[in-house]
Amino acid sequence: MVSAPTTVTITGAGGQIGYALLFRIAAGDMLGPDRPVRLRLLEIPQGMRAAEGAALELQDCAFPLLHGVELSDDPRVAFDGCRIGMLVGARPRGPGMERADLLAANAGIFGPQGAAIGAGADPGVRVVAVGNPANTNALIAAASAAPDVPADRFSALTRLDHNRAVGQLAAALGVGADAIAGVTIWGNHSATQFPDVAHATVHGEDGEWMPVASALAERLGGTAAAAAWLDDEFIPRVARRGAEIIEVRGSSSVASAANATIEHVRSEELGTGSTWTSAAVVSHGEYGVPEGLVSSFPVTSDGSGYRIVEGLELDERSRARVSASVAELVAERDAVRAAGLLQA
Ligand code: NAD
Ligand code: LMR
C-alpha cells in the first residue's frame, strides 16, 4: 500500500552532499518503494541557485515517488511539517584542519534550525546532523528544539565511520562487506573515535560466524600480528579516513557521506534487522557516557527510533579509548556553552 508523502527537509541542499543525496532519496533508496516523499530544500541565499538547479533536474527525472520539491532560505518555512530533517548545510573542513576547527563557523547554524524544528516540525520528526562537528551540532539543534521535540529524536552521523570500518575489515579478510557484523564506532565523529571490533564477527566460507579477531589472527599469522594491525593500522586509518579523503580528493567525502546518511535514516525508519549499526545518539548514561551528550554507540532500531545496545563488555583499554573521545565531546559542549550557542 502506498502511503501519504513523507516531508524530508535537507539543509545545504545546493552543496556537494546535498546533490548526492537528493536523487537517491527521490528514487526511493532511503524510505523504500512504498513511501513517496516531498522534498524541502533549505539553503542560504548564496546557495539558492545551485539548489534551484538541482530542483530542475529532479523534475527532469520524473521520479514516481517524488511528490513535490520546495525551496526556501527560511528555516521556519523549510521545517514546517518536516518528518525527517537532514542537517547537512555547513562549511566543510580543508586540508590540515580538524573537524572541531569548524565549531566557530558552523555551530551558529544549528541553533536556529533546531528552534525552527521545535516550532513547526511534525510531532514524529527525526533529525540527523551531518554538518561538522556533527555530534555537537546535533546537541545544539536538540537543545534549541526543546521542549517541543524530545532530544532523542536527534542523532548525528557516524554511519560513515562504521562503513569505513567494515570496508577495511572486509578488505583485510578478503570477504564481502555483508560478511562482517557487530562493528561499533564509539564516541565522536573525529580522530578520537574508537572503531571497536571486540564483538565483530565474520561469516566464513563454511557458513559459520567467527570472531573477527580470530579470523585476522589466522590471516595475518597470529594473535600478536592481528592486535598490532588493529592498533597501528585499522583504528588510525578509520579514525583519520576523512582527512585521507581530503588529502587525496582535494575536498571532503561526498558520495560516501551521502550514502551513509541515507543508510542512517533507512536503518532508523525501516529497522536494522538482526545486527546493530553505529549512530551518535543522546546518552542516558550508557557505558559511562555523561547523560545528554550525543555520542556514537552500537544501536538498533525496529523502525521506531534508535536504541542503544546495552550490556557489551569493554576491556580497560577500550574503556580508555571511549573515555578519551567522550572527553573531547565534553570539551566541545563546554566551548559552545561558553560561547552562548547551546541553550541550557
Ligand atoms: P558544501 O560546501 O558543498 O555544501 C554546504 C552547503 O551548505 C552549501 O551549499 C552552503 O550554501 C549551505 N549552507 C551553509 N550554511 C547554511 C545554512 N545556514 N542553512 C542552509 N544551508 C547552508 O559542503 P558538503 O561537502 O556538502 O559538506 C557539508 C557538511 O557535511 C560539512 O560540514 C562537512 O564537513 C560535513 N560532512 C560530514 C560527514 C559526516 O560523516 N558526519 C561526512 C562528510 C561531510
Ligand atoms: C568525513 O569524515 O569524511 C567528513 O566528516 C568530512 C571531514 O571533514 O572529514
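**The surroundings of the two ligands**

Author: R93 counts as buried because its relative accessibility is 10%. Buried stands for under 20% relative accessible area, exposed for over 50%, and partly exposed for what lies in between, using a 1.4 Å probe and the protein chains only. The model is predicted, so local features need a pLDDT of at least 70 and side-chain atom pairs a pLDDT of 80 or more, while totals for chains, interfaces and linings use all residues; side-chain values rest on heavy atoms, without hydrogens and water. Residues are numbered from 1 along each chain as its sequence is written, and chains are lettered from A and ligands numbered from 1 in the order of writing.

R93 belongs to the loop between β4 (84–87) and α4. Such labels follow DSSP runs counted from the N terminus: helices are H or I runs of at least four residues, and strands are E runs of at least two. Between R93 and F110 there are 17 residues along the chain, and their C-alpha atoms are separated by 17 Å.

R93 is one of the residues around ligand 2; the others are R99, N132, L160, R164, H189, G242, I246, S252 and S253. A residue is listed as near a molecule when one of its heavy atoms lies within 4 Å of it. Sorted by class, this shell holds two nonpolar, five polar and three charged residues. In that sorting, Ala, Val, Leu, Ile, Met, Phe, Trp, Tyr, Cys and Pro are nonpolar, Asp, Glu, Lys and Arg are charged, and the others, including Gly, are polar. Two helices, α6 (159–173) and α9 (241–249), each give the shell at least two residues.

Next come the polar contacts, meaning pairs of N or O atoms within 3.5 Å; within protein, one atom must be able to donate a hydrogen and the other to accept it, and residues adjacent in sequence count only if both atoms are side-chain atoms. R93 has a polar side-chain atom 2.5 Å from an oxygen atom of ligand 2. For H189, the distance from a polar side-chain atom to an oxygen atom of ligand 2 is 2.6 Å. A polar side-chain atom of S253 is likewise 2.6 Å from an oxygen atom of ligand 2. The protein buries 94% of the 260 Å² that ligand 2 exposes when taken alone; these areas come from the Shrake-Rupley method with a 1.4 Å probe, and for residues only the protein chains shown count as cover.

Ligand 2 sits in the largest pocket. A pocket is found on a 1 Å grid over the protein atoms alone: it is an open set of points where a 1.4 Å probe fits, with protein on both sides within 12 Å along at least five of seven lines. A molecule sits in a pocket if more than half of its atoms lie within 2 Å of the pocket's grid points.

N132 lies in the loop between β5 and α5. With a relative accessibility of 17%, N132 counts as buried. G89 is 43 residues from N132 in sequence, and the two C-alpha atoms are 9.2 Å apart in space. The peptide bond between N132 and P133 is cis, with omega at about -5 degrees. P133 is also in the loop between β5 (126–129) and α5 (134–145).

A backbone N or O atom of G12 lies 3.3 Å from a nitrogen atom of ligand 1. I17 places a backbone N or O atom 2.9 Å from an oxygen atom of ligand 1. In the side chain of E43, an N or O atom is 2.5 Å from an oxygen atom of ligand 1. Of the 860 Å² that ligand 1 exposes when taken alone, the protein buries 86%. Ligand 1, too, sits in the largest pocket.

Key
1 Å grid on protein atoms, 1.4 Å probe; cavity = no way out; pocket = protein on both sides within 12 Å on 5 of 7 lines; lining within 4 Å.
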